[in-house]
Amino acid sequence: MILNTELEYKGNLFPSKIVFYKKHVNVLYFKSENGAVLQLTIERDSVLRFRYSTTGMFDKDFSYAITMYASKGYNHLEISEDNEKYIITTSKLICHISKLDMRKTIFDAKDNSLICEDELGFHWEESYEIGGDIVKMSLKSQQGENYYGLGDKPVENNLKGKRFQNWVTDSYAYGRGTDPIYKAIPFYTAIHHDKSYGVFFDNTFRSYFDFCNERRNITSFWAQGGEMNYYFIYGPEMTEVVSNYTDLTGRPQHIPPMWALGFHQCKWSYYPESNVKEITSKFRELKIPCDAIYLDIDYMEGFRCFTWSEEYFPDPKRMVKELADDGFKTIVIIDPGIKIDNEYSVFKEGLEKDYFCKRADGPYMKGKVWPGECYFPDFTNPEVREWWSELFKELIEDIGVAGVWNDMNEPAVMDVPGKSFPDDVRHDYDGNQCSHRKAHNVYGMQMARATYHGLKKFSYPKRPFVITRAAYSGTQRYTSTWTGDNVATWDHLSIANQQAQRMCMSGFSFAGSDIGGFAEQPNGELFARWIQLGVFHPFCRVHSSGDHGDQEPWVFGKTVTDIVRKFIEIRYQLLPYLYTTFWRYADEGIPILKSLVLFDQEDSNTHYRNDEFIFGEKILVCPIIEANSKGRRMYIPRGKWYNFWDNSIIIGGEELWVDADIDSMPIFVKEGAIIPKYPIQQYVGEKVIEQLELDVYYKEGKESSEVYEDAGDGYDYKKGRYSLRNFNQVGKANSLTIQQFKSGKFITAYNSFKINIHGLPFKIDKLEVDNEAIDISKINGVVTFEVTKEFRELYITGK
Ligand code: GLC
């Protein structure tokens, strides 16, 4: 027997003392006596990248997550050393690296307070079976430290005390706590002592995060291969952490077309054509606004992607045109599995060009999905992505489909252990050939990326719209997403709320749930409550499996239909507000929904809140998540808030009971806010907007608001054809001034604003717009008047 005891070390290995140090511009190298290397890159004053090698060699530096547009550069960098440590100082951070064991400690440069400190720090375990190392990092959890983020985990906002895995997984009817599910977003934010930082572990292998679960004061993360490669992102504001994370991993490459922010209706499946038309006509008949209708897998011929069932959809081009004439955008599903069928052109071409994934020893990766046995394109190959993008020509350019829905892209495989490819499947990984262990988590992302490029090309000059189920960090650049196959239960309504907030906090704001639940059927009350929440999610779509009955807004009786209409109408009125928020998200990475901890991190009451959130910048929402409710208790964040329904004012900083019968829900507007509103439309573009309504909520003090508009589609906005209005409101005991500053070259169709001032505490003596007096009316305490959209200053004084 041959024994080679060097083949496998059992247990953890650690870097020993540092024996070598080198600096190359913004990259520092530290080498230990036992050959471990820490490569520390100063990306920005507040962003440090830690990359470790156990062999002295690094892999090629390649990442699907990091965008080429990530900001680089810093204001200050100073490196010094003493007997024990190296000291790296930027204008935001001070980082100590211990000479004894490479452990690091990070401080805020402003006040020297401790932000993050290694416990064991970097360590690893050699793995003979899989080759390479299991790479690990452990950090001390500071007193009162809490954790958030990590994508779509179906649990409460605060992750402390829990352990998670990142491995994208098809999870039909998942439940609270199911882990992992569809997305792998290895990014979290932490907060302690009012200061927030983030960690982005850019490693696509199966990875784990443990937030004080295994050991009370320790947070750790590790992966089953690859490098320990993570970014430390400092705030101290949590919003800055998320914004900096999206600076690294990217923001949507463009604002969605405005219609994509409207209401979407979906079901598995609407067919044949007459059924689709029945549904869309009913929306118009009942005057329930709707912009998009979805075709699930049954529109295809035997579930072959890029085909149409001749029986059900004999003339798709005509149908899509007729739907478009009625204001409906058609969105179709496209899955990754390509049916093995020698008569099928996509299959034949994929085979000829050698674009399908193969097993380690050569055979194709064969797996069962909806069409039966399939092969799967290797989307990690740039040539395959290019081919795939070209496949959309007919669907988009010719037939006129407006959006594509990528599903099953984990990739999901039926009737096999692990519900996906086996580990040995080979991938190109953009020229860095690897096994599925490394490519699994990015497969769906690369599919969505290829789809996005196809749509971008063929929708031009319109903006593309894509939705994906699977995602890795960075997928937000290309597509929107939904939270997969949830269930029609009250608990799932609350899960949907947390997932949407969590996705926003994880840099991926364009997200929503299957409203009403995918599996099973909600009753009318649950459906109504879910719609109430869903209209405040960035992506708003009803979807269901259809095998438990219908789920259109009108199937639960008139009361529910009226409630659904009322709330969808609110969404359509708030479109300019949501669009502005979207622009801020695409431009600066500011999350569209703000969990209370993100909105007011200094108020520690917010650290464990789950249900309440801020929609955009100024609207506080809290869904009703229990049956038979007439209202609920909720936490009102600090500050003064107007009740959206009756203008009554409440002072936040405490938990309060709020009435909300079935036709209502708790909605509050922050004092000082100016909320833009459009008239109700049945779909975006139905009406020429002839006047913009501005709801002004008086505040004693200062507050600014903005309204962003552009053509609602196309790319002219990138050339300056947008309209950005900044409104500064200054309220005093007996006066109110609003100043407007406008930038951008877009000329809005409307010429005037209708201004409604809520909560004015004094009787008006004089109202002047650019020094000219104007008429007002007063209805239910709200002062209303019209002014030109060009006004610069509005001045109201009291008696
Ligand atoms: C998956 C999707 C679901 C879709 C169904 C059929 O379960 O998550 O949304 O309706 O497949 O395509």
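I'm working on a predicted model.

**Entry 1: R176 and E156**

I looked up R176 first. R176 has 33% relative accessibility, so I log R176 as partly exposed. The side chain of R176 meets that of E156 in a salt bridge, at 3.3 Å from N to O. R176 sits in the loop between strand 12 (162-166) and strand 13 (183-184), and E156 in the loop between strand 11 (146-149) and strand 12, so the bridge ties together parts 20 residues apart in sequence. I checked E156 too: 27% relative accessibility, so E156 also goes down as partly exposed.

**Entry 2: K99 and E81**

K99 forms a salt bridge with E81, and the closest N and O atoms are 2.6 Å apart. The pair links distant parts of the chain, with K99 in the loop between strand 7 (93-98) and strand 8 (104-108) and E81 in strand 5 (residues 77-81), 18 residues apart. Is K99 buried or exposed? K99 comes out at 18% relative accessibility, and buried means under 20%, so K99 counts as buried. E81 has a relative accessible area of 48%, so I put E81 down as partly exposed.

**Entry 3: E117 and K140**

Then I went to E117, which forms a salt bridge with K140; the closest N and O atoms are 3.3 Å apart. E117 belongs to strand 9 (residues 114-126) and K140 to strand 10 (residues 133-140), so this is a link between distant parts of the chain, 23 residues apart. E117 is at 18% relative accessibility and counts as buried, while K140, at 34%, counts as partly exposed.

**Entry 4: the tally and a network**

How many salt bridges does the count come to? I get 63 salt bridges. I also noted a network of salt bridges that links D170, D407, E410, R469 and D485.

**Entry 5: around the ligand**

I listed the residues around the ligand: W268, D296, I297, I333, W370, W405, D407, R469, W482, D485, F518 and H543. By type, this shell divides into seven nonpolar, one polar and four charged residues.

An N or O atom in the side chain of D485 is 2.5 Å from an oxygen atom of the ligand. For R469 I have 2.7 Å to a ligand oxygen, and for H543 2.9 Å. Taken alone, the ligand exposes 310 Å², of which the protein buries 98%.

Note on methods
Residues numbered from 1 in each chain as written. Predicted model: local features only at pLDDT ≥ 70, side-chain atom pairs only at ≥ 80, totals over all residues. Heavy atoms only, no water. Salt bridge = Lys/Arg side-chain N within 4 Å of Asp/Glu carboxyl O. Helix = DSSP H or I, 4+ residues; strand = E, 2+ residues; numbered from the N terminus. Buried < 20%, exposed > 50% of the residue type's maximum accessible area, 1.4 Å probe, protein only. Near = heavy atom within 4 Å. Polar contact = N/O pair within 3.5 Å; in protein donor to acceptor, adjacent residues only side chain to side chain. Areas by Shrake-Rupley, 256 points an atom, 1.4 Å probe, with all protein chains shown as cover. Nonpolar A, V, L, I, M, F, W, Y, C, P; charged D, E, K, R; others polar.
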